[in-house]
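Thank you all for coming; I would like to walk you through one structure this morning. Please have a look at it first, and then we will go through it piece by piece.

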Amino acid sequence: GTSALPKQSLLEDISRLCNFFGVEGVMTCVLPQVLAFLNDRREWQLRAALCQKLPSICAVIGRSSTEHFVAPCIETALTDSSEKVICSALSCLTVLVKLGLITRVKLLGCGSKNGTTSSGLGLVEKYAFLLIHPSEIIRDEYMSFLASSFRAVGSPDDVVFLLPVIRPFLRYEPSSKQLNTMEGLSSCLLPPISRKKFNSILASVEEPGANKPGASRGEDDRVESVLQLG
(Lines give C-alpha, C1' and ligand atoms only; values in the text may rest on other atoms or scores of the structure.)
Protein backbone atom coordinates (compact mmCIF):
# COMPACT_ATOMS: atom_id res chain seq x y z
CA GLY A 1 0.00 0.00 0.00
CA THR A 2 0.92 3.65 -0.32
CA SER A 3 1.50 3.93 3.44
CA ALA A 4 4.47 1.57 3.11
CA LEU A 5 6.20 3.53 0.33
CA PRO A 6 8.04 6.01 2.59
CA LYS A 7 9.23 3.11 4.76
CA GLN A 8 10.44 1.17 1.72
CA SER A 9 12.26 4.27 0.49
CA LEU A 10 13.97 4.57 3.87
CA LEU A 11 15.15 0.97 3.64
CA GLU A 12 16.49 1.50 0.11
CA ASP A 13 18.85 4.16 1.42
CA ILE A 14 19.61 2.51 4.75
CA SER A 15 23.35 1.98 4.20
CA ARG A 16 23.93 5.68 3.55
CA LEU A 17 21.79 6.61 6.55
CA CYS A 18 23.78 4.29 8.82
CA ASN A 19 27.07 5.77 7.65
CA PHE A 20 25.70 9.26 8.27
CA PHE A 21 24.34 8.60 11.76
CA GLY A 22 27.16 6.38 13.05
CA VAL A 23 26.77 3.69 15.69
CA GLU A 24 25.14 5.84 18.36
CA GLY A 25 22.71 7.46 15.95
CA VAL A 26 21.75 4.12 14.43
CA MET A 27 21.10 2.62 17.86
CA THR A 28 18.97 5.53 19.09
CA CYS A 29 17.22 6.68 15.91
CA VAL A 30 17.43 4.28 12.97
CA LEU A 31 17.20 0.81 14.52
CA PRO A 32 14.06 1.35 16.65
CA GLN A 33 12.28 2.87 13.66
CA VAL A 34 13.02 0.11 11.17
CA LEU A 35 12.52 -2.82 13.56
CA ALA A 36 9.00 -1.52 14.14
CA PHE A 37 8.31 -2.29 10.46
CA LEU A 38 7.95 -5.96 11.46
CA ASN A 39 4.75 -4.98 13.27
CA ASP A 40 3.14 -3.91 9.98
CA ARG A 41 1.00 -7.00 9.41
CA ARG A 42 -0.59 -5.62 6.22
CA GLU A 43 2.64 -5.33 4.22
CA TRP A 44 4.61 -8.57 3.88
CA GLN A 45 6.78 -6.87 1.25
CA LEU A 46 7.92 -4.34 3.83
CA ARG A 47 8.74 -7.03 6.39
CA ALA A 48 10.69 -9.00 3.77
CA ALA A 49 12.55 -5.88 2.61
CA LEU A 50 13.56 -5.11 6.18
CA CYS A 51 15.10 -8.57 6.60
CA GLN A 52 17.07 -8.08 3.39
CA LYS A 53 18.47 -4.76 4.61
CA LEU A 54 19.21 -5.68 8.24
CA PRO A 55 22.77 -6.94 7.54
CA SER A 56 23.76 -3.42 6.44
CA ILE A 57 22.59 -2.08 9.80
CA CYS A 58 24.17 -4.92 11.75
CA ALA A 59 27.53 -4.30 10.09
CA VAL A 60 27.47 -0.83 11.69
CA ILE A 61 26.21 -1.72 15.17
CA GLY A 62 28.41 -4.81 15.64
CA ARG A 63 27.95 -8.34 16.91
CA SER A 64 26.83 -7.68 20.49
CA SER A 65 24.02 -5.28 19.53
CA THR A 66 23.03 -7.53 16.62
CA GLU A 67 22.48 -10.47 18.97
CA HIS A 68 20.73 -8.48 21.68
CA PHE A 69 18.43 -6.31 19.58
CA VAL A 70 18.22 -7.63 16.02
CA ALA A 71 18.36 -11.43 16.36
CA PRO A 72 15.09 -11.64 18.40
CA CYS A 73 13.34 -9.66 15.66
CA ILE A 74 14.69 -11.97 12.97
CA GLU A 75 13.31 -14.89 14.97
CA THR A 76 9.92 -13.20 14.93
CA ALA A 77 10.19 -13.03 11.13
CA LEU A 78 11.00 -16.77 11.05
CA THR A 79 7.46 -17.46 12.28
CA ASP A 80 5.82 -14.93 9.95
CA SER A 81 2.54 -15.75 8.20
CA SER A 82 4.24 -15.05 4.85
CA GLU A 83 6.68 -17.65 3.58
CA LYS A 84 8.50 -14.95 1.60
CA VAL A 85 9.25 -13.14 4.85
CA ILE A 86 10.54 -16.39 6.38
CA CYS A 87 12.84 -16.83 3.35
CA SER A 88 14.14 -13.27 3.74
CA ALA A 89 14.76 -13.83 7.45
CA LEU A 90 16.73 -17.02 6.77
CA SER A 91 18.73 -15.26 4.06
CA CYS A 92 19.46 -12.47 6.53
CA LEU A 93 20.77 -14.98 9.09
CA THR A 94 23.02 -16.55 6.46
CA VAL A 95 24.60 -13.19 5.65
CA LEU A 96 25.05 -12.38 9.35
CA VAL A 97 26.82 -15.71 9.91
CA LYS A 98 29.12 -15.04 6.95
CA LEU A 99 29.89 -11.57 8.33
CA GLY A 100 30.77 -13.04 11.73
CA LEU A 101 27.95 -11.14 13.44
CA ILE A 102 26.37 -14.22 15.07
CA THR A 103 28.32 -15.88 17.86
CA ARG A 104 28.90 -19.60 18.25
CA VAL A 105 26.73 -19.66 21.37
CA LYS A 106 23.85 -18.06 19.47
CA LEU A 107 24.20 -20.64 16.70
CA LEU A 108 24.84 -23.69 18.87
CA GLY A 109 23.02 -22.85 22.10
CA CYS A 110 24.26 -22.71 25.68
CA GLY A 111 24.91 -26.46 25.65
CA SER A 112 27.99 -25.87 23.50
CA LYS A 113 29.47 -23.99 26.43
CA ASN A 114 28.20 -25.09 29.83
CA GLY A 115 25.14 -27.34 29.68
CA THR A 116 21.68 -26.28 28.64
CA THR A 117 17.94 -26.35 29.14
CA SER A 118 15.32 -25.91 26.43
CA SER A 119 15.56 -22.13 26.80
CA GLY A 120 19.20 -22.33 25.66
CA LEU A 121 18.57 -23.75 22.20
CA GLY A 122 20.72 -22.33 19.43
CA LEU A 123 19.29 -20.96 16.20
CA VAL A 124 20.31 -24.05 14.23
CA GLU A 125 18.46 -26.46 16.51
CA LYS A 126 15.44 -24.26 17.14
CA TYR A 127 14.56 -24.03 13.45
CA ALA A 128 15.96 -27.35 12.21
CA PHE A 129 12.39 -28.53 11.48
CA LEU A 130 12.48 -26.20 8.45
CA LEU A 131 14.62 -28.87 6.78
CA ILE A 132 11.42 -30.79 5.99
CA HIS A 133 9.16 -27.77 5.45
CA PRO A 134 6.78 -28.26 2.51
CA SER A 135 8.20 -25.16 0.76
CA GLU A 136 11.29 -25.95 -1.30
CA ILE A 137 12.44 -22.32 -1.12
CA ILE A 138 12.31 -22.31 2.68
CA ARG A 139 14.19 -25.63 2.82
CA ASP A 140 16.87 -24.24 0.52
CA GLU A 141 17.24 -21.03 2.52
CA TYR A 142 17.58 -22.97 5.77
CA MET A 143 20.17 -25.27 4.19
CA SER A 144 22.14 -22.23 3.06
CA PHE A 145 22.06 -20.93 6.64
CA LEU A 146 23.02 -24.37 7.93
CA ALA A 147 25.95 -24.79 5.52
CA SER A 148 27.24 -21.33 6.52
CA SER A 149 26.92 -22.29 10.19
CA PHE A 150 28.91 -25.48 9.65
CA ARG A 151 31.66 -23.49 7.93
CA ALA A 152 31.64 -20.83 10.65
CA VAL A 153 31.81 -23.31 13.54
CA GLY A 154 34.49 -25.44 11.90
CA SER A 155 35.88 -28.85 12.75
CA PRO A 156 35.50 -30.70 15.08
CA ASP A 157 32.71 -28.69 16.70
CA ASP A 158 30.52 -28.89 13.60
CA VAL A 159 30.27 -32.68 14.02
CA VAL A 160 30.12 -32.56 17.83
CA PHE A 161 27.47 -29.85 18.26
CA LEU A 162 25.69 -29.17 14.94
CA LEU A 163 25.33 -32.58 13.34
CA PRO A 164 23.38 -34.13 16.27
CA VAL A 165 20.65 -31.46 16.13
CA ILE A 166 19.90 -32.09 12.44
CA ARG A 167 20.40 -35.87 12.54
CA PRO A 168 16.66 -36.56 13.12
CA PHE A 169 15.97 -34.97 9.70
CA LEU A 170 18.60 -36.96 7.79
CA ARG A 171 18.28 -40.22 5.86
CA TYR A 172 21.95 -41.05 6.38
CA GLU A 173 25.10 -39.61 7.94
CA PRO A 174 26.70 -37.01 5.66
CA SER A 175 30.41 -36.75 4.98
CA SER A 176 32.29 -33.70 6.25
CA LYS A 177 32.37 -32.37 2.68
CA GLN A 178 28.59 -32.71 2.35
CA LEU A 179 28.07 -30.74 5.58
CA ASN A 180 29.52 -27.59 4.03
CA THR A 181 27.34 -27.29 0.93
CA MET A 182 23.62 -26.99 0.26
CA GLU A 183 23.84 -29.71 -2.37
CA GLY A 184 25.55 -32.11 0.00
CA LEU A 185 23.06 -31.49 2.79
CA SER A 186 20.09 -31.76 0.43
CA SER A 187 21.14 -35.23 -0.71
CA CYS A 188 20.98 -36.50 2.89
CA LEU A 189 17.59 -35.09 3.91
CA LEU A 190 14.40 -36.91 4.69
CA PRO A 191 11.63 -36.04 2.23
CA PRO A 192 9.55 -32.95 3.11
CA ILE A 193 6.20 -33.40 4.81
CA SER A 194 2.99 -32.36 3.09
CA ARG A 195 1.60 -28.88 3.59
CA LYS A 196 -1.54 -30.34 5.10
CA LYS A 197 0.45 -32.20 7.75
CA PHE A 198 2.69 -29.22 8.42
CA ASN A 199 -0.27 -26.88 8.94
CA SER A 200 -1.87 -29.45 11.21
CA ILE A 201 1.29 -29.55 13.34
CA LEU A 202 1.41 -25.78 13.61
CA ALA A 203 -2.22 -25.62 14.65
CA SER A 204 -1.74 -28.31 17.30
CA VAL A 205 1.25 -26.74 19.06
CA GLU A 206 0.60 -23.00 18.71
CA GLU A 207 -0.15 -21.23 21.98
CA PRO A 208 -0.32 -17.50 22.77
CA GLY A 209 3.22 -16.21 23.20
CA ALA A 210 4.80 -19.45 22.02
CA ASN A 211 6.76 -17.74 19.24
CA LYS A 212 8.00 -14.78 21.24
CA PRO A 213 11.75 -14.56 21.88
CA GLY A 214 12.68 -16.59 24.94
CA ALA A 215 9.55 -18.76 24.82
CA SER A 216 11.11 -21.80 23.19
CA ARG A 217 8.73 -24.45 24.52
CA GLY A 218 6.49 -23.93 21.47
CA GLU A 219 9.42 -24.64 19.18
CA ASP A 220 10.33 -27.78 21.14
CA ASP A 221 6.77 -29.06 20.82
CA ARG A 222 6.73 -28.24 17.13
CA VAL A 223 9.93 -30.17 16.43
CA GLU A 224 8.74 -33.12 18.53
CA SER A 225 5.45 -33.18 16.63
CA VAL A 226 7.26 -33.12 13.28
CA LEU A 227 9.50 -36.00 14.32
CA GLN A 228 6.53 -38.11 15.40
CA LEU A 229 5.12 -38.11 11.88
CA GLY A 230 5.63 -41.10 9.73
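This is a predicted model: local features need pLDDT of at least 70, side-chain atom pairs count only at pLDDT 80 or more; totals for chains, interfaces and linings use all residues.

Leaving out neighbours within four places in sequence, Ile-57 is in contact with Ile-14, Cys-18, Val-26, Leu-31 and Val-34, where contact means heavy atoms within 4.5 Å. Residues are numbered from 1 along each chain as its sequence is written, and side-chain values use heavy atoms, with hydrogens and water left out.

By a nonpolar core I mean a set of buried Ala, Val, Leu, Ile, Met, Phe, Trp, Tyr and Cys residues joined through side-chain atoms within 4.5 Å, and buried means under 20% relative accessible area, with exposed over 50% and partly exposed in between, using a 1.4 Å probe and protein chains only.

Of the 230 residues, 47% count as buried, and among the contacts with a separation of 6 or more, 62% are between residues 24 or more positions apart.

Staying with α3 for a moment, this helix is the place of Ala-71, which counts as buried because its relative accessibility is 2%. Not counting residues up to four places away in sequence, Ala-71 touches Thr-66 and Lys-106, and its C-alpha atom is separated by 8.4 Å from that of Leu-93, 22 residues apart along the chain.

Leu-93 is one of the buried residues of α4, and this helix, residues 83-98, has 16 residues and reaches 23 Å from its first C-alpha to its last, close to the 22 Å expected at 1.5 Å a residue, a span taken as 1.5 Å times one less than the number of residues. What do the buried residues of α4 pack against? They pack against α3 (44-77), α5 (104-108), α7 (123-126) and α8 (136-153). At the start of α4, a side-chain oxygen of Ser-82 comes to within 3.3 Å of the backbone nitrogen of Lys-84, and just after the helix Gly-100 takes a positive phi of about 75°.

Finally, the aromatic rings: the structure holds 3 aromatic pairs, meaning rings of Phe, Tyr and Trp (its six-membered ring) with centres within 6.5 Å, where planes under 30 degrees apart count as stacked, over 60 as edge-to-face and the rest as tilted. One of them is the stacked pair of Phe-129 and Phe-198, 6.3 Å centre to centre with 25° between the planes. Phe-129 lies in the loop between α7 and α8 and Phe-198 in helix α12 (residues 195-205), so the pair ties together parts that are 69 residues apart in sequence. Tyr-142 and Phe-145 have ring centres 5.7 Å apart and planes at 70°, so this pair is edge-to-face, and both residues are buried.

Technical notes. Helices (H or I, at least four residues) and strands (E, at least two) are DSSP runs, numbered from the N terminus. A polar contact is a pair of N or O atoms within 3.5 Å; within protein, one must be able to donate a hydrogen and the other to accept it, and residues adjacent in sequence count only if both atoms are side-chain atoms.
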